[in-house]
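Colleague: I have a chain open here and would like to go through it with you. Can we start?

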Amino acid sequence: MRKVILQFREIKDAPKELEVMIDNEAIAARFGELIDTSRENYCNGVITAEKLQGAVSVVGSLQSKLHLICSKCLETFEYKVPEWFNLILMPAPQAFKDEVELESSDLDVVYYKGEQIDLTDHVLDHMIVEIPMNPVCSENCNGVNYKCEVPEEDEIDPRWAALKNISSNDKK
Ligand SMILES: [Zn+2]
């Protein structure tokens, strides 16, 4: 998979569009058991990066398909992550020493150092944040289907079968 790398010098004069193509392998590595990795999951789209005053605006338009596992019936179902994705990139303040942890409580602001930034992980973060904690395949999901364990109506419960034998013996 090609990483989504933004070179800051490329947006010095004009916005730049970056292609996003995140394949199943990369999604599986990040999502683990949150998704059904035996199906084809993907996230494709375009990210537009634009220089603002003292920051960089990142706007993504993403078409994705994830196969989530329903928390009620345990069946796999397709889920589309919301299309739009926004980030503000800010240069890390000079005062930040290496031992100081960058505050990440505000998910939409990312501090960067250096000449480029890898946006791939930020796209994956966006996807993870957008999937429901308890995914459900549909509003009408009835939960796990135990039908196969319920006897047919006209099938006689073995506990009653014993009684039936007694009653037929009586007739003899
Ligand atoms: Zn379900």
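Colleague: Take contacts between residues at least 6 apart in sequence: what share joins residues at least 24 apart?
Modeller: That share is 58% in the protein chain. Keep in mind that this is a predicted model.

Colleague: Noted. How many helices and strands are there?
Modeller: The protein chain has 3 helices and 8 strands. Read from the N terminus, the order is β-β-α-β-β-β-β-β-β-α-α.

Colleague: And how much of the chain is buried?
Modeller: Of its 172 residues, 16% count as buried.

Colleague: Which residues have the most contacts inside the largest nonpolar core?
Modeller: V20, C43, V58 and V123 do, in a core of 23 residues. Two or more residues each come from β2, α1 (24-31), β3, β4, β6 and α2.

Colleague: Which element gives the largest share?
Modeller: β4 does, with 5 residues.

Colleague: Back to C43. What does it touch?
Modeller: Leaving out residues up to four places away in sequence, C43 touches V20, I22, I27, L62, S64, V123 and M127.

Colleague: Now α2. Which of its residues are buried?
Modeller: Helix α2 covers residues 120-130, and V123, H126 and M127 are buried there.

Colleague: Why are those three on the same side of α2?
Modeller: Because they cover an arc of only 95° around the axis. As a general point, an α-helix has 3.6 residues a turn, so residues three or four places apart point the same way.

Colleague: What covers them?
Modeller: The cover over the buried residues of α2 includes β2 (16-22), β3 (42-52), β4 (55-69) and β6 (84-91).

Colleague: How many residues lie between β4 and β5 in the hairpin?
Modeller: There are 6. In the turn, L74 has a positive phi of about 65°.

Colleague: Last one, K113. Where is it found?
Modeller: K113 sits in the loop between β7 (109-112) and β8 (116-118).

Colleague: Buried or exposed?
Modeller: K113 is exposed, because 10 other C-beta atoms lie within 10 Å, and the cut-off for exposed is 12 or fewer.

Colleague: How far is K113 from M90, C-alpha to C-alpha?
Modeller: The separation is 8.8 Å, and the two residues are 23 apart along the chain.

Technical notes. Residues numbered from 1 in each chain as written. Predicted model: local features only at pLDDT ≥ 70, side-chain atom pairs only at ≥ 80, totals over all residues. Buried ≥ 20, exposed ≤ 12 C-beta atoms within 10 Å, placed from the backbone. Helix = DSSP H or I, 4+ residues; strand = E, 2+ residues; numbered from the N terminus. Arc of directions from axis to C-beta. Contact = placed C-beta atoms within 7 Å. Pairing = 2+ DSSP bridges. Core = buried A, V, L, I, M, F, W, Y, C linked by C-beta atoms within 7 Å.
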